[in-house]
Amino acid sequence: SKGRALAAHLDHGDWLVTEETCDAIADNDCDGMPDLRADDADCAATLGAGASCMAGICVPPTAETPIGTITADILRGGTPPGSDRGVESAAGNLVADAQLWATSSNGAQVAFMNPGGVRSDLTYAESAGEGDGVVTYGEASSFQPFGNTLLTFPMTGAQIVLVLEEQCQPLGSSRPFLHLGVSDGFTYDLAKTIVAGDCTSVTVNNVKLNGDDLDLVATYLVTVNSFIAAGGDNFGTFATIDPSTMLVGDSNDLGALVNYLGTFSPVAPQSTDRVNELP
């Protein structure tokens with residue numbers, strides 16, 4: 001349906017457009033629809049260094065294209081990594097940092113990332129001759145493969161706290177707790193109770209943004225991906241936000257990660273002390 005809508009908008013008839021291609025094409029005339037006036041600079045901003053523009057369509061870098069470097073493994077939660085989505089992880093916090101940075105032009109103040117959206121780890125040891133510490137476009141694509149849109153929108157401090165409480169999943173869920181990645185500068189205390197595979201209670205306190213107490217009645221600009229913005233993973237508070245207040249990021253989630261790594265390399269693993277888990 002996205003391909004048909006784009007084809008009609010461009011008057012190209014029955015033109016087959018992949019979702020990845022459609023998401024990558026720039027909206028240069030600001031009409032809310034992507035168009036064919038992208039250039040190499042637009043593509044690089046969307047997909048990262050190595051992207052190019054062919055006939056107005058953004059072409060991703062090859063899987064082997066180096067896009068940045070890391071100083072050590074950046075892992076998901078659990079042992080082995082990825083086995084526990086209920087704990088804070090360097091991988092989740094990295095993505096939140098990248099998405100906050102990528103939407104700074106929207107005025108974003110904090111970003112959250114769902115753990116299920118990170119599907120692999122970034123490992124320091126080379127995997128295919130690229131060199132230790134080098135992250136390729138293919139590795140970044142495996143790490144974050146969904147190509148979700150980034151959205152920035154206003155939330156009250158009270159709504160943010162509700163989101164943090166929704167990490168405690170409904171009874172009977174396949175995972176009792178989904179620990180959101182949080183961007184640098186956002187901290188809070190967390191206490192949760194897991195009984196027989198269910199989250200039975202959660203308490204969130206001492207929430208701070210850049211060292212200041214979160215004001216429950218004040219408004220903050222929050223960035224998340226389009227999946228949880230729609231209430232995915234039972235984060236229903238996001239779905240109550242008025243869509244007309246949402247600003248779309250200049251790149252999708254993968255583009256944000258690629259550009260972040262390219263800008264700030266070498267990147268060290270993000271700290272996992274942004275959330276203070278209480279016994």
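1. Contact here means heavy atoms within 4.5 Å. With neighbours within four places in sequence set aside, Ala98 touches Ala256, Leu257 and Tyr260. Ala98 lies in helix α4; helices (H or I, at least four residues) and strands (E, at least two) are DSSP runs, numbered from the N terminus. Ala98 is also buried, at 1% relative accessible area, where buried is under 20%, exposed over 50% and partly exposed in between (1.4 Å probe, protein chains only). Its C-alpha sits 9.9 Å from that of Asp184, although Ala98 and Asp184 are 86 residues apart in sequence.

2. Some ground rules before going on. This is a predicted model, so local features need pLDDT of at least 70 and side-chain atom pairs count only at pLDDT 80 or more, while totals for chains, interfaces and linings use all residues. Residues are numbered from 1 along each chain as its sequence is written, and side-chain values use heavy atoms, with hydrogens and water left out.

3. Now the helix pair. The axes of α4 and α8 come within 8 Å and cross at roughly 90°; axes are lines fitted to C-alpha atoms, for helices over the stretch in contact, with angles from 0 to 180 degrees between N-to-C directions. The two helices, α4 and α8, are therefore roughly perpendicular (65 to 115 degrees; under 35 is roughly parallel, over 145 roughly antiparallel, the rest oblique). On the α4 side, the residues that meet α8 are Leu94, Asp97, Ala98, Gln99, Trp101 and Ala102. From α8 come Asp253, Ala256, Leu257, Asn259, Tyr260, Thr263 and Phe264.

4. On to the rings: the structure has seven aromatic pairs. Rings of Phe, Tyr and Trp (its six-membered ring) pair if their centres lie within 6.5 Å, and planes under 30 degrees apart are stacked, over 60 edge-to-face, the rest tilted. One of the pairs is Trp101 with Tyr260, edge-to-face at 5.8 Å centre to centre and 75° between the planes. Trp101 belongs to α4 (residues 90-102) and Tyr260 to α8 (residues 253-264), so this pair ties together parts 159 residues apart in sequence. Trp101 is partly exposed at 32%, whereas Tyr260 is buried at 11%. Ring pairs also link Trp101, Tyr260 and Phe264 into a cluster.

5. There is a charge over a ring too: Lys192 lies over the face of Phe177, 4.8 Å from the ring centre. The criterion is NZ of Lys or CZ of Arg within 6 Å of the ring centre and within 35 degrees of the ring normal.

6. The disulfide count is one, taking a disulfide as a pair of cysteine sulfur atoms within 2.5 Å. Cys168 and Cys199 are joined, S to S 2.0 Å. Cys168 lies in the loop between α6 (157-165) and β7 (181-182) and Cys199 in strand β9 (residues 198-209), so the bond ties together parts 31 residues apart in sequence. The S-S torsion of Cys168 and Cys199 is about -120°, so the disulfide is left-handed. Cys168 is buried at 17%, and Cys199 is buried at 4%.

7. Last, the backbone. Most residues other than glycine have a negative phi, and most peptide bonds are trans. Here, Thr79 and Pro80 are joined by a cis peptide bond, omega about 0°, with Pro80 in the loop between β3 (66-69) and α4. Ser265 to Pro266 is cis as well, omega near 0°, and Pro266 is in the loop between α8 and β13 (275-277). Phi is positive at Asp233, near 60°, and at Asn234, near 65°. Asp233 is in the loop between α7 (226-229) and β12 (247-252) and is partly exposed at 24%; Asn234 is in the loop between α7 and β12 and is partly exposed at 42%.
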